[in-house]
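Welcome to this short tour. Keep your viewer open and select each stop as we reach it.

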Amino acid sequence: MWKRISLLLLYALVAQGIFAQAKNTLKNEAFLPGERISYKILYNWGLIWVDAGEVTFGVDQVDYKGTPSYYFTGAGSTFPKYDWIYKVRDKFESWADTGSLRPYRFVRDQKEGQTIIYESAYFNFQRKKVYDVLRISGKPAIDSVKITANTIDVMTAIYYSRCIDFSKYKVNDTIPITLYLENKIYPVYIRYVGKEDYTLEGMGTYHCIKFKPLLIEGTIFKGGENMTVWVTDDKNKIPVHVETPIVVGTVKVYLTKVTGNRNPFTSKFK
């Protein structure tokens, strides 16, 4: 039941609306290098809610082959007291252009129970291809996949999505997404639901933007628009809560800490 609980948060946040705007309208007012965000993950099975694990995201600026680039990271794990049930240690990395946020490279390193997954993908937008090495508990497979100008990896997507101007959308509008992962392209969307106030225990009440992503049915998620995401209705657009049923049980993700945020939280009730 614990399988890929920490990875769940990554997909949940990615679903915010990747590349919903044309590249020439991208304007990053949401984050700066040095930002760190932490979340707690709760799992429900029957009547019991359990603190299952935590995830931390970070952004820095580095040189990638001589080019100033953002370096995005996401690290998730189960709490040590639950490692005997199902141990999870995941890390995601992405290097992206500081202007367009197009990814240069994506690395995925997952250790979940007895399964070990390693993926290293290089994006070449001139040739419109991703060159990928994928190893899942065995011999690596090397492949290349054709992409479009709007294709993005899951880590870069988390930060790109925070640059979306939701004021351009009406309630029930859908926003298309083009996502790359594990040698595949996923054309999905999110549905903008509207705005709602959300109270986060220990952190106050926030005006939030609310939406539902279309999920791809798999080993974790049920297909359809079952997931709900709340993000701060201010320039930061930081997710404060994610809730979704999974194949067995329900998962909730709560914001626990933010440091290095670029803008004041004007969405927070005083």
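Helices and strands here are DSSP runs, a helix having at least four residues and a strand at least two, and they are numbered from the N terminus. With that numbering in hand, remember as you look around that this is a predicted model.

**Stop 1: the whole chain.** Show everything as a cartoon, and you can look for 2 helices and 15 strands. Of the chain's 270 residues, 51% count as buried. Taking contacts between residues at least 6 apart in sequence, 54% of them join residues at least 24 apart.

**Stop 2: colour by confidence.** The average pLDDT of the chain is 82, and 85% of the residues score at least 70. Select residues 1-24 next, where the pLDDT is below 50; even so, beyond near neighbours in sequence, this stretch has 107 contacts in the model. Which elements have the lowest and the highest mean pLDDT? The lowest, 43, belongs to helix α1 (residues 5-14), while strand β3 (residues 67-78) has the highest, 92.

Stop 3: In soluble globular proteins, nonpolar side chains tend to be buried together. Select Phe31, Phe72 and Leu255: these have the most contacts inside the largest nonpolar core, a set of 60 residues. Then pick helix α2 (residues 154-161), which gives this core its largest share, 6 residues. Stay with Leu255 for a moment and show what surrounds this residue. Setting aside residues up to four places away in sequence, Leu255 touches Ile37, Ser38, Tyr39, Leu200, Met203, Ile238, Pro239 and Val240.

Stop 4: Is Cys163 buried or exposed? Cys163 counts as buried because its relative accessibility is 9%, under the 20% cut-off. Move on to Cys208, which is buried as well, with a relative accessible area of 1%. How many disulfides does the structure hold? The count is 0.

**Stop 5: Asn263.** Finish in the segment after β15 (250-259), where you will find Asn263. At 14% relative accessibility, Asn263 is also buried. Show side chains here: leaving aside neighbours within four places in sequence, Asn263 is in contact with Glu29, Ala30, Lys235 and Asn236. What lies 2.6 Å from a polar atom of the Asn263 side chain? Draw a distance line to the backbone oxygen of Glu29, and you have the pair.

Terms used
Residues numbered from 1 in each chain as written. Predicted model: local features only at pLDDT ≥ 70, side-chain atom pairs only at ≥ 80, totals over all residues. Heavy atoms only, no water. pLDDT = per-residue confidence, 0-100. Contact = heavy atoms within 4.5 Å. Core = buried A, V, L, I, M, F, W, Y, C linked by side-chain atoms within 4.5 Å. Buried < 20%, exposed > 50% of the residue type's maximum accessible area, 1.4 Å probe, protein only. Disulfide = S-S within 2.5 Å. Polar contact = N/O pair within 3.5 Å; in protein donor to acceptor, adjacent residues only side chain to side chain.
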